[in-house]
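Colleague: I would like to learn how to read a structure like this one. Could we take a few features in turn?

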Amino acid sequence: LPERDRAELKRRKLLLELTLKSYWIRKGSAFSTAVARPETELTPEMIATYVPPPRTPRTLPWPWHDRAMTPDPSCRGSWRQLPFKPYNFSSLGLPPACGHLHPLLKVRSELRQIFLEMG
């Protein structure tokens, strides 16, 4: 349709231009059928949990009994395999729950309320 005809049809309100958007949705690399909630905090139990790496008789350190109780730090802690929720550093914190009226201000507000009720 030429531009001149299109403008004429729009002026007479016989033509309406619409923008249609379409999306292609595919499975990504993190697709899963189970919903897993990411961890929000790192607890001492997560750090202390020992997850031993798979070992074969060839990969056992020699002497194996010396290092059996002190695992390699790279394989300590179950938190390394867990997904964590990203921190939102721009969010505002909770308002502090502090601040009280002075006792004399409380008495003054009570007296004011009494006088207002009296008229």
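Modeller: Gladly. Keep in mind that this is a predicted model. Start with one side chain. Arg6 has 28% relative accessibility, so it counts as partly exposed.

Colleague: Which residue does Arg6 meet in a salt bridge?

Modeller: Look for a side-chain nitrogen of Lys or Arg within 4 Å of a carboxyl oxygen of Asp or Glu. Here the partner of Arg6 is Glu3, at 3.2 Å from N to O. Both lie in helix α1, which covers residues 3-11. They are 3 residues apart, about one turn of the helix.

Colleague: Is Glu3 buried or exposed?

Modeller: The cut-off for exposed is over 50% relative accessible area. Glu3 has 55%, so it is exposed.

Colleague: How many salt bridges are there by this rule?

Modeller: The count comes to 3. Another one joins the side chains of Arg11 and Glu8, at 2.6 Å from N to O. Arg11 and Glu8 also both lie in helix α1, 3 residues apart. Arg11 is exposed because its relative accessibility is 60%. Glu8, at 33%, is partly exposed.

Colleague: And which residue does Lys10 meet in a salt bridge?

Modeller: Lys10 pairs with Glu17, with 3.4 Å from N to O. Lys10 has 41% relative accessibility and is partly exposed. Glu17 is partly exposed too, at 47%.

Colleague: Now a helix. How far does α3 reach from its first C-alpha to its last?

Modeller: To judge a helix, set its span beside the expected one. The expected value is 1.5 Å times one less than the number of residues. Helix α3, residues 103-118, has 16 residues. It reaches 23 Å, close to the 22 Å expected.

Colleague: What comes just after α3?

Modeller: Gly119 does, and its phi is positive, about 110°.

Colleague: How many residues of α3 are buried?

Modeller: Buried means under 20% relative accessible area. Among the 16 residues of α3 the count is 0, so by this cut-off the helix is hardly covered.

Colleague: Which residues form a nonpolar patch on the surface?

Modeller: A residue needs over 30% relative accessible area to join a patch. In this model the patch holds Val107, Leu111, Ile114, Phe115 and Met118. Together they have about 520 Å² of accessible area.

Colleague: Where is Leu111, taking one of them?

Modeller: Leu111 sits in helix α3. Its relative accessible area is 42%, so Leu111 is partly exposed.

Definitions and conventions
Residues are numbered from 1 along each chain as its sequence is written. This is a predicted model: local features need pLDDT of at least 70, side-chain atom pairs count only at pLDDT 80 or more; totals for chains, interfaces and linings use all residues. Side-chain values use heavy atoms; hydrogens and water are left out. Helices (H or I, at least four residues) and strands (E, at least two) are DSSP runs, numbered from the N terminus. Buried means under 20% relative accessible area, exposed over 50%, partly exposed in between (1.4 Å probe, protein chains only). Patches are made of residues with over 30% relative accessible area and no salt bridge: like charges are joined within 9 Å, nonpolar side chains (Val, Leu, Ile, Met, Phe, Trp, Tyr) within 5 Å. Accessible areas come from the Shrake-Rupley method with a 1.4 Å probe; for residues, only the protein chains shown count as cover.
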